Each structure stands twice: as C-alpha cells, then as structure tokens.
Amino acid sequence: MVIKVYNTLTHKMEVFEPFNPPIIRLYVCGPTVYDYTHVGHARTYVAFDAIKRFLKLKGFETVHAQNITDIDDKIIDRANKEGVSWRDIAEIYTNDYLEALEKLRIEVDFSPKATQHVDEMIDFISKLIEAGFAYESHGSVYFNVDKFLEYGKLSRRTKGEEWRQEEQFMREKRKPYDFVLWKKAKPGEPYWESPWGPGRPGWHIECSVMSCFYLGTKIDIHGGGTDLIFPHHENEIAQSEARYGVKPWVKYWLHTGFLTIKGEKMSKSLGNIIPLKDVFKEHKPEVLRLMLVLTHYRSTIDFSYELLEQYERIYDRLRSCVDLLIRIAHKENLNFKISNQDLKIAERIDEFLLGFIKSMEDDFNGAKAAPYLHDLISISYTSIIPSGKAELALRALNAFKRMNQVLAVLDDVFHTKGFEREFVDKLVKIVIDVRHMHRARGDYEVADKIRELLASLGIKVMDSKDGSTWSYV
RNA sequence: GCCGGGGUAGCCGAGCGGUUAGGCGGCGGGCUGCAGACCCGCUUUACAGGGGUUCGAAUCCCCUCCCCGGCUCCA
C-alpha cells in the first residue's frame, strides 16, 4: 500500500517515494535554546517522531537529524539580561530540550549543535562566495537572492517586496531581501574567526550545513513548524541548492500546524506560553504525546488542560485495557483451540490494525487512525477480556504493539519483564485474597483500607461478581 | 491589502459526490457492601448562510459572513 504525503513545495498530496529506499533521511528544525521548551515545540517534535516511527513500521530505515541552535541573537540577549554567559544559557535550555525529548519518547539519531559546526559553515559560505551567490560586506556575508532564480518557490512568494528581512542591515546589503550568512561580531559579542573577520553564523546557514553534513544532499523529508516556511526554509533551499547545484535538495517539505492557546498563537507579548515543565507537573508526558499523535499533524490544535484531560481518560482506559490483556495472555491455558466466534473476533482485531495503518498511510493522519484504536480497546473490553481467552488476548496485544510503534505511550507496560510481572501478579493476588476474606465476613473497613493502600501504589482494584481484577493506574 | 488554513451535533474531531466515523462530557440503567472500572441505552440523521450543478452534496461551482495564522524573530 502506498503512502501519501502533503508536500508544501507542490501544495499537493503526493505518493511518497524516497530517493533511496529503504533509507529515509529526515531533518527537522530543532529549537533555538534561549528559553524553556514549550507545548508548541512538543507538537512539532512529536509529530515528526510519529511520522518517522510509522515509516519504520512500514519497513523503512530512517536517519533522523534535529539540530540545536545554541548560538543566536536571542541567546546573547538573554545572557546579557541575566548577566551570565551565553554558553550557560545555551546549556540550561539544551538540557531542558533533551529532557523533553526523552520524556516524550522522541528518538533522534543526531542532535548536532550549531557551535560545533562553525568550520563547516565557514567552508560552505566560502563556496557560495566563490560561486557568486554570496558577497562580503563590512565584515558580514550576505546571500545574493537575485542570483537564485527560483527564490520563493517554497513559500510561493513571487514579489521581491515580500522578501524583506533583517532590515537593520540595509546599509550593508545590496537588496532588502538579501539575508545574512555570516554576522560580524560587535564588541563584546561571542565570535569565531573567519576569512571575513570575527563573527558568528547566521541562523539559516546552520540548518543547510548540518543537514547536508549528516544526511547528504538528497534529503527525503525536511520538516518544521509552518512558521518556518518563510524565510527560514526558503533560505535553506536557496543556500543548499546554490551550493551543491542539486534539485531538489529536499524532496518532501512537511510542516506542522500551530498549537494555539484560546485561539491565539503562543507569544512572549501575549504571555501565554506554556512550558512543558508546567504541563508535566500535573500530567504524564505520554498523555500529551497521545493527544499529539492522534491529531493530524497539519491541523491547528487549540491547547487547553481540558483537552489534555480528555486524553488522560483515553490514556488510562488504554493502559488498563492492555494491562488486563497482558494478564490474560500470561495464563497457562494456551491450547489454540479457537471457535468460529473467536475467529470472527480475531478478524475484527486485524481489521482495526489494518484500518489504523491505512489511515496513517494517508498523510500520517493520526486523527483518522484514532477510531481504530478505540475499536480495538472496545472489543477488548466487550469480548476479549470477559472471555479470558489467552489466544484472543495475544492477538489483540499484537495489534496494540504495532499501534504502539507509532504511539509510543505504552512502552513501560510492554517492557515490564516477565519475571517481575509474574511476581507482582502473585503478590497482588495474595493481598486481594486477604482482602476478600475480610469482605466475606463483612469487615469492609479493613477491605476498604487495603484497597486504599493499593491505590496509593498505583494499583486499582475493581470488584465484580466474578471476583476482583486490578490494573495499574 | 496580499497569501494560506478553517467554520461538522454540548465540546473535540474524521469524512471531501451515494453505507447515521469516533472520542470526551451529560443523562438513565446494569454490575457492586460502597466505590471505581467496565457494559447497555439515550443525547445524534450534525455539516456557517444563500444560490447553483447532480438522480443524489457536509463533500463540486459561485456569492456572502465569521474565525485563525503568515507577510521583520518564532516549532
């Protein structure tokens, strides 16, 4: 089955055909580390992580690079304001970012830092000057946009007036829309030595340099938030295609929709930025991740804690369901005797898995895939768990595992070691049995106390006429 | 102003020419010592407004209204 993707470059849905299958080279524009990572960042990074995980599920091999911009005007400004070195600022927020990736189960193969690739950037810029695509002026270097005839093809801006950028350097630039590749250092600013004197790299150049350095000049997917289309990605294309003469340098440009707060974009001036560390105080990272993966990556998400709490319930239901299935699957009554009715259930499980995968094949549409996850949960509760049949539980678990390759919110449930799980099972069963003795004799005070104590360990006990079941909260 | 993305039942949100997607919430019921979880039923034949094309439109075309984003830095 083919995968379809929406390409910002062509504004169309296209059949996904990587340059050199089964390898897929993926570059995602990472953060400038001058402040805490926020939910908007998470949206983009989780979206691309899910896309990558889905491609892996489909049998592709992926190489994923996501840069860290650790030198930039904003970092310098912040350092000056706080009276600390720019390196300290970069380090604090780099750590915050890496921690966020880990919590959200985002796996990146390369996290290159701009400051570690300054030599390559200087070389890249020199080559652009040699080829006539860039010029030195007053100790800075600018890209000569007029020389790159296809400028504007990604953002579909055709008029020069729409390209204005970095206007404060108008005295040095030939055209208002030329952009800086190398920025001359002012006194007191951090700098690196270069053929044009002390300075630091411009913002756009690092992504061109690092993506080509780690992934080569034929990149399958390049992504980021929609706000990066212009000027950042437009400039990256100009730099890279001018430098290497390759076309297209990137085959598929993918952009994530915004995450807004009460309908408005997060911004410093509105003061509505929600840092991840705040979200994680009360909510599990997996809940946020589940919400983000089950929303289409291009649509706007109007974030609210109420919305997140909806997914919290879904997450709890999912977890309990899988947990119960695992316990059934571990029973020793496997005989693979399956009735016709069981077979029908098994077929439906397969249908749900297939539906999930097909939905993801359609431009990684997590929102379209979500109902199949719900169907799988539902059939587990209505048919599989009550039946207590390990054969069916195993089949459902297999489907959940596949879905989880993309979702990545159940890793801890699946990774609990067999022995450990068995031991905990037996231990909890003993406690529950003891509680039953109290219940049988009507001593509900002790029974409730036991239930309460188990709950404090994250173990939820549920009584029914067939005895008690339990699961992790 | 220009360029994008949208407006779908209380809320979130798929579908994008023909089988009442799904979830969340609410209400009622079942189960239960209580509670929770879970199950069943209802809320649900909804698609901004107007016109057109069609045997048939939430889906295509035209007009209007409204919301959000981008157009110096931003995931």
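Two strands count as paired if DSSP finds at least two bridges between them. Helices (H or I, at least four residues) and strands (E, at least two) are DSSP runs, numbered from the N terminus. With that settled, Tyr135 has Tyr142 in strand 6 as its bridge partner.

Before going on, some housekeeping. This is a predicted model, where local features need pLDDT of at least 70, side-chain atom pairs count only at pLDDT 80 or more, and totals for chains, interfaces and linings use all residues. Residues are numbered from 1 along each chain as its sequence is written, chains are lettered from A and ligands numbered from 1 in the order in which they are written, and side-chain values use heavy atoms, with hydrogens and water left out.

An open sheet is built from 4 strands in the order 5-6-7-8, with antiparallel pairing. Strand 5 (134-137) and strand 8 (199-201) are the edge strands, each with a single partner strand, so one side of each has no neighbour in the sheet. On average, and ignoring direction, neighbouring strands here are turned by 25 degrees against each other; the axes behind such angles are lines fitted to C-alpha atoms, for helices over the stretch in contact, and angles run from 0 to 180 degrees between N-to-C directions.

Walking across the sheet, strand 5 meets strand 6 (residues 140-143) in the antiparallel sense over 4 bridges. Strand 6 then pairs with strand 7 over 3 bridges, again antiparallel, and Tyr142 has Val180 as its bridge partner in strand 7. Strand 7 and strand 8 are antiparallel too, over 3 bridges, and Trp182 stands opposite Pro201 in strand 8. How enclosed is strand 7 by the rest of the structure? Largely, because 5 of its 6 residues are buried, where buried means under 20% relative accessible area, exposed over 50% and partly exposed in between (1.4 Å probe, protein chains only).

## Rings and charges

A pair of aromatic rings is described by the distance of the centres and the angle of the planes. Rings of Phe, Tyr and Trp (its six-membered ring) pair if their centres lie within 6.5 Å; planes under 30 degrees apart are stacked, over 60 edge-to-face, and the rest tilted. The structure holds 18 aromatic pairs, and here are two of them:

| Pair | Centre distance | Plane angle | Type |
|---|---|---|---|
| Phe16 and Phe60 | 6.1 Å | 80 degrees | edge-to-face |
| Phe303 and Tyr305 | 5.5 Å | 75 degrees | edge-to-face |

## Helix packing

Helix 11 (residues 366-387) and helix 12 (residues 390-407) pack at about 155 degrees, with axes 10 Å apart. They are therefore roughly antiparallel, given that angles under 35 degrees count as roughly parallel, over 145 as roughly antiparallel, 65 to 115 as roughly perpendicular and the rest as oblique. Helix 5 (residues 203-215) and helix 6 (residues 229-244) have axes that come within 9 Å and cross at roughly 55 degrees, so they are oblique to each other.

Most residues other than glycine have a negative phi, and most peptide bonds are trans. Which residues are joined by a cis peptide bond with omega of about 0 degrees? Phe230 and Pro231 are, and Pro231 is in helix 6. Another cis bond joins Lys247 and Pro248, with omega about -5 degrees; Pro248 is in the loop between helix 6 and strand 10 (250-256).

As for phi, Arg156 is positive at about 60 degrees although not a glycine. Arg156 lies in the loop between strand 6 and strand 7 (179-184) and is partly exposed at 47% relative accessible area.
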